Amino acid sequence: MRSTPSLTPATATRDALRAVLGQFATGVTVVSAGRDLPQGMTANSYTSVSLDPPLVLVCVARTAAVHATVLAERHFAVSILRSGQDHVARYFADHRRPRGPGAFDTVGSFTGRVTGAPLITGALAWLECALTAVYDGGDHSILLGEVRDLARGTPGEPLTYFAGSFRP
């Protein structure tokens, strides 16, 4: 006979929710947009949706600078980070980082050939997407993008996030 775990009802406070959701390991990406005024943010709420047509989604806080840029330009890019790029993830998660044209200079980037958005040098893979739909996701928007260009970098291990920490 299998035992059933004892579940204690919890109030879905922000801290309780973060603690429970943190039990799911995710990959780590940098979502970017902006040809003339590049913006970027760390995101682990990224997933593939469909192979035909090729669709991915990312969830972006409505207050994030990259949110307005994606909506204005109707494009975004995703850099899938590799193990050892936790400094890049921390940089784009820091609200005190520099903004403007030099925002990507300290981490190393190159310009995507389709969207013009910055892509992170040394990442495992890159996707450039045309925004096809925006859905309400509470304090976030769920951005659906059709993949227009993609590439793989040098094979390696992904950077993951679990229980509030980056894992190699």
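The lining of the largest pocket in this predicted model comprises 17 nonpolar, 10 polar and seven charged residues. Local features required a pLDDT of at least 70 and side-chain atom pairs a pLDDT of 80 or more, whereas totals for chains, interfaces and linings use all residues. Residues are numbered from 1 along each chain as its sequence is written, and side-chain values use heavy atoms, without hydrogens and water.

A pocket is an open set of points on a 1 Å grid over the protein atoms alone where a 1.4 Å probe fits, with protein on both sides within 12 Å along at least five of seven lines; lining residues have an atom within 4 Å of a point. The lining numbers 34 residues, and R14, R18, T42, N44 and H140 lie nearest the centre of the pocket. Helix α1 supplies the largest share, five residues. Helices (H or I, at least four residues) and strands (E, at least two) are DSSP runs, numbered from the N terminus.

Strand β3 (39–43), which supplies at least two lining residues, has five of its five residues buried, that is, under 20% relative accessible area with a 1.4 Å probe and protein chains only. Q39, M41 and A43 point one way from β3, and G40 and T42 the other. Strands β2 and β3 pair in the antiparallel sense over five bridges, pairing being at least two DSSP bridges between strands.

In α3 (86–93), the buried residues are V88, A89, Y91 and F92. These lie on the same side of α3 because they cover an arc of only 160° around the axis, taken from the directions from the helix axis to the C-beta atoms.

Notes. Ala, Val, Leu, Ile, Met, Phe, Trp, Tyr, Cys and Pro count as nonpolar, Asp, Glu, Lys and Arg as charged, and the others, Gly among them, as polar. Buried means under 20% relative accessible area, exposed over 50%, partly exposed in between (1.4 Å probe, protein chains only).
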